[in-house]
Amino acid sequence: MADIAAVPLTPASPPRGALARAERFVWLTARVLEQRLFAHHFRDGAAVPVETALEAYRNDDGGYGHALEPALRGPASLPAHTTRALHVLDAVGRCDARRAEGVCRYLTSVSTAEGALPAVGTHVNGGGAARLPGSLAATAPAVGLLHRNEVWHPWLFRATDFCRQAVESLEAARPGDVKAAVPFLDHAPDRVRAEAAAERLGRLVRRERLVALDPDGSGHASGELPLDYARTPDSLARAWFTDAEVERSLDALAAAQRDDGGWPALRLPGAPEFTPGALLETRSIATIEALRTLTAYGRLV
């Protein structure tokens, strides 16, 4: 995709092609960070400008704030912002031990005694997290990303045990818990145990109808698509679905692109309603992620 021409911001006619329309949407609405991310993924942009843009959101405590996760406003560090930062660093190949040290220090300071992070939107100071219940949805994505990048820190031992036990005890799961569990299972160090847990979780997803196997039909209790769980073909969650089910999900994801070129915003469980500005910022993130998923599965965008 290196030879894609820049899309004019005021073209005489709307650009054609999903990627060109998405590019125009990003240039018109996204923050600098997402513009740099788009350029990195789809225009051979360098990683350094992405990391430079991300640095503006980092606080002295090692965490990230300043509405890095757009739905959560304000300057204070929050686990959700910090996990978003890990996603960005991972996306550009910069989530190494040196960069993760401050992140892990912050996560340690806000985690429970079991190493779990509090739910999205929860603000904690000092040792306040110890009195809050741990959240699998908040903890598992961060732990999975750190394991994916072979980062080790004392906090990870406790957090990994918490995630493993929480995943293995899921019986009547919510989609948000399952989506959070997948990146943890994809990269957890005990592969045999992770694969067994993923197989059981896949059966639960289908039994509890936590996925729309036919987006145009019925017979499901959730709006989640197979690709909401299996974001890449190499994910353990890919084995939960047939080729036909994944193809229908890809069709639905491609069709979800709106006339302005962007994809709909995805709301974090527990996060407040979007403000108009946060909605646009979140749509830019969702647009980049949709394009990455389509690309990972070989769909031309």
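Trainee: Which helix gives the largest share of the lining of the second largest pocket?

Mentor: In this predicted model, where local features need pLDDT of at least 70, side-chain atom pairs count only at pLDDT 80 or more, and totals for chains, interfaces and linings use all residues, that is helix 12, with four residues. Residues are numbered from 1 along each chain as its sequence is written, and side-chain values use heavy atoms, leaving out hydrogens and water.

Trainee: And which helices supply at least two residues each of that lining?

Mentor: Helix 10 (226-229), helix 11 (243-255) and helix 12 (276-296) do, helices being DSSP runs of H or I, at least four residues, numbered from the N terminus.

Trainee: How much space lies in that pocket?

Mentor: About 280 Å³ lies in the second largest pocket (an open set of points on a 1 Å grid where a 1.4 Å probe fits, with protein on both sides within 12 Å along at least five of seven lines; lining residues have an atom within 4 Å of a point). Among its 15 lining residues, D228, L253, A256, W263 and L266 are the closest to its centre.

Trainee: New topic: at what angle do helix 3 and helix 4 pack?

Mentor: Helix 3 (residues 48-55) and helix 4 (residues 79-91) pack at about 165 degrees, with their axes 10 Å apart, and they are therefore roughly antiparallel to each other (over 145 degrees).

Trainee: Which residues meet there?

Mentor: From helix 3 come V50, E51 and L54, which meet A85, V88 and L89 in helix 4, where contact means heavy atoms within 4.5 Å.

Key
Axes fitted to C-alpha atoms, helices over the stretch in contact; angles between N-to-C directions. Parallel < 35°, antiparallel > 145°, perpendicular 65-115°, else oblique. Points joined across faces, edges and corners; volume = space filled by probe spheres on them.
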